Amino acid sequence: MKTKTDYSKKVFPIIIFVLGLVLMLAQWITGVNITMVVCLLYCCFVSLFIALGVIFKKKLYMYMVGGYVASFFGMVTYLIHKGADAGFGAFSSGLAGFKSADHPWLTGSGTVFTRILGNFLLALPIITALVLLVVFTIKITKKSTLQRVLTSITSVVLILTTIFFVLTTNLRTEPKTTRLWEGQDEYLKNMDKNATSQHKPNVLFILMDDLGYGDVSANGAIFDTPNIDSIAENGVNFDNFYSSYSVCSPARFAALTGRYPFRGYADNVMYPTIATMSPFAQTRIFNSIEMGNNCDGMLGDEITMAEAFQSAGYKTGAFGKWHLGDYGEYLPTNQGFDYFYGSHHVNDMVPFYHSVEENGEYEIVKGTDQLKDQKDATKWIHEEITNWITDVATSEDGAPFFAYYATPWPHAPVFVGDEFKGETGMGTYADCVTEFDFYLGELFNKMEDLGILDDTIIVFTSDNGPALEGSTGEMRGGKYLAYDGGQKVPFFIRWDNSNGLVPAGEKRSQAATLVDLFPTLAELCNFTGYNGEKENYMPFDREMDGTSMMPIISDDTAIHKKENPILHMKREKIKAVQYAIPTEEILANEQYKDYDYPILTENDYVTFKYFRNMQNDNPAFFDKTRKNWLHILSDDRGENYNRTKVFPTVAEEMNDEITNITNKFKENRRGANKEYYNK
């Protein structure tokens, strides 16, 4: 007769077994990487329990083995079915000479057969350890000492092979979200490709990395940036321009798509997906958790500016920092660029390298070993973009170009070339910006020699405000925060031969943001579709959050009013909403009709910014939050005073607007046009 104790000894192994089955089913049902991460952790712990049972209890608990096998089987079959590449990990040390075309098992897109083979090879050490463990337990019954030794060794091997699998398994899987391929295809197919037979301007889009509003002398920097300033001096300087996000990857998403990054699961910094065998590497797991739904970068069905320019007959090139994905659909040359030179990742991540990329295949030409000291990065990128522009400008087909110049500077860790060290007397940060400014001047000189400078629209801005160093221009906060210091950045636009469309040497006060850049360039370059019948041709199958800045450029007319607010977001939440309200509308309110404040009587518009709930930027009061705070940015650049009690109905209206927009996002995150996709 079995006692209660006998049954209790089986309860824990049975629970482990049932949990393994549950995780297997959960992996198949959910189809997301976060479930796989749980399965990986489960297998690690169960392999430990199996070893403890073998070593100390001298018994192999088959229920635990069954649970391990179930969870492991769920993971492997999931990777075979939903894998996004060939299936055998994603190894790359970042060494010079790595060519993705020569390593299809590591970086290439595969079939179900390659994924079966690749994942089987990756799982083979675990399969071998499990089989041997069971065989030793069943077959070696008469030699108990030998059995204990072999099973003990094999159980430890199971732990080690499980850890190896965790460090090397491929978490590159298909995104689990609404896809917008159909609308993308139709939009690009119907772009008027003959438009460039008429004269079209070139476009040079310069994007700095972590450069503050006050880090250029045109905005008051205490060191000189004459070549950057020349863009403002010969064009329009926006005094109130926002980056659309306060960290790198989301801001770049916004700039290239004209949409807020929430729509593309791009709400935070994107990490490398490459397996480096380091348990502390920033790889693979982070994007799945931070972005969700298996997204590893800017989704391939987003319509980028580069794709629009490419379809309109432009040559397209990207240079410098990408930071929107490192494989498959996320690569820059799968997102509308003909050519890419630079880094897929940010310069403080592992691995970090410079690669040349065409047609979705890349070759590492300056590897991690060469970029431990990044002092020559500015020169290398400058040489590449200069050579590319020269080749395009002197080619026989005469096609215009769209060049995306995304320098990695002055993002930390900051480096500067030897000949520029000590240039400013203000340290490496200012020296680095000065070096970039010098090479930008060299590029402008080359373009002038080629006779194309006057026919090029030049845009200069930054992806967000400064982090460890740099000037916000006395605005509150910095990088990572939704205060203006983290998102208000320099923005200059120049086009010498615009016939007055872009005036020279003027300043504008109305607010705009990075999502507005795509529609602005579409209007300036006169994108047309459907055989020229539709001007200012923009995507129609999805919500476009940006709007053309031409009313601001022309006569400083506000474009971001209540119906089209600027959103300040962080980690999928709207932290603040901002828009301009006509002063006559404010004074028409019975509550405010007798207000004679100068901010109301001396302006046509007043720009309000409302925080529902925002962390304090003062570390001495880190436990405090700002709730229900209303700022008037028109007279309070530092967001120093809460005006909620002065304008309570405005605060209430803006709070309601956050709720309304949040609900719309939840209902249709990707912003798909339901009429289009339900036709």
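Me: In which strand does Phe 319 lie?

Reply: Please keep in mind that this is a predicted model. Phe 319 is found in strand S4, which spans residues 315–321.

Me: Is Phe 319 buried or exposed?

Reply: The idea is to compare the relative accessible area with a cut-off: a residue under 20% is called buried. Phe 319 has 1% relative accessibility and therefore counts as buried.

Me: With which residues is Phe 319 in contact, leaving aside its neighbours within four places in sequence?

Reply: The contacts of Phe 319 include the aromatic side of the list, Tyr 339, Tyr 341, Trp 388, Tyr 404 and Tyr 405. Ile 381, Glu 384, Ile 385, Ala 406 and Thr 407 are also in contact with Phe 319.

Me: How far apart are Phe 319 and Phe 253 in sequence and in space?

Reply: Sequence separation and spatial distance are read separately. Phe 319 and Phe 253 are 66 residues apart in sequence, and their C-alpha atoms are 16 Å apart in space.

Me: Let us turn to helices. Where does helix H5 bend?

Reply: A bend is read as an angle between the axes fitted on either side of a residue. Helix H5, residues 112–139, bends by about 50° at Ala 123. A proline, Pro 125, follows within four residues of that point.

Me: Which residues of H5 are buried, and against which helices do they pack?

Reply: The buried residues of H5 include Arg 115, Asn 119, Leu 122, Ile 126 and Phe 136. Ala 123, the site of the bend, is also one of the buried residues. The buried residues of H5 pack against helix H2 (33–56), helix H3 (62–82), helix H4 (104–107) and helix H6 (144–168).

Me: Are H3 and H5 roughly parallel or antiparallel to each other?

Reply: One looks at the crossing angle of the two axes, and an angle over 145 degrees counts as roughly antiparallel. The axes of H3 and H5 cross at roughly 170° and come within 9 Å. H3 and H5 are therefore roughly antiparallel to each other. Among the residues making the contact are Val 65, Phe 72 and Leu 79 of H3, together with Ile 116, Ala 123 and Leu 130 of H5. By class, the contact of H3 with H5 has 15 nonpolar, 2 polar and 1 charged residues.

Me: How many salt bridges does a search of the whole structure find?

Reply: The search finds 29 salt bridges. To read one of them, note the partners, the distance and the place of each partner in the chain. Asp 85 and Arg 172 meet through their side chains in a salt bridge, at 3.2 Å from N to O. This pair links distant parts of the chain, 87 residues apart: Asp 85 is in the loop between H3 and H4, and Arg 172 is in the loop between H6 and helix H7 (181–189).

Me: Are Asp 85 and Arg 172 buried or exposed?

Reply: Asp 85 counts as buried because its relative accessibility is 1%. Arg 172, at 3% relative accessibility, counts as buried too.

Me: Which residue forms a salt bridge with Asp 210?

Reply: The partner of Asp 210 is Lys 479, and the closest N and O atoms are 2.9 Å apart. The two residues are 269 residues apart in the chain. Both Lys 479 and Asp 210 are buried.

Me: Which residues are linked in a network of salt bridges?

Reply: The network links Arg 179, Arg 259, Asp 301, Glu 302, Glu 329 and Arg 670.

Me: Finally, I would ask about the backbone. Which residues are joined by a cis peptide bond with omega about -5°?

Reply: That bond joins Val 350 and Pro 351. Pro 351 lies in the loop between strand S5 (339–343) and strand S6 (354–358). Another peptide bond, from Ala 412 to Pro 413, is cis with omega near 0°.

Me: What is the phi of Lys 58, and where is Lys 58 placed?

Reply: Lys 58 has a positive phi of about 55°, although it is not a glycine. Its place is in the loop between H2 and H3. With a relative accessible area of 55%, Lys 58 is exposed.

Conventions. Residues numbered from 1 in each chain as written. Predicted model: local features only at pLDDT ≥ 70, side-chain atom pairs only at ≥ 80, totals over all residues. Heavy atoms only, no water. Bend = angle between axes of the 7 residues up to and from the residue. Buried < 20%, exposed > 50% of the residue type's maximum accessible area, 1.4 Å probe, protein only. Contact = heavy atoms within 4.5 Å. Axes fitted to C-alpha atoms, helices over the stretch in contact; angles between N-to-C directions. Parallel < 35°, antiparallel > 145°, perpendicular 65-115°, else oblique. Nonpolar A, V, L, I, M, F, W, Y, C, P; charged D, E, K, R; others polar. Salt bridge = Lys/Arg side-chain N within 4 Å of Asp/Glu carboxyl O.
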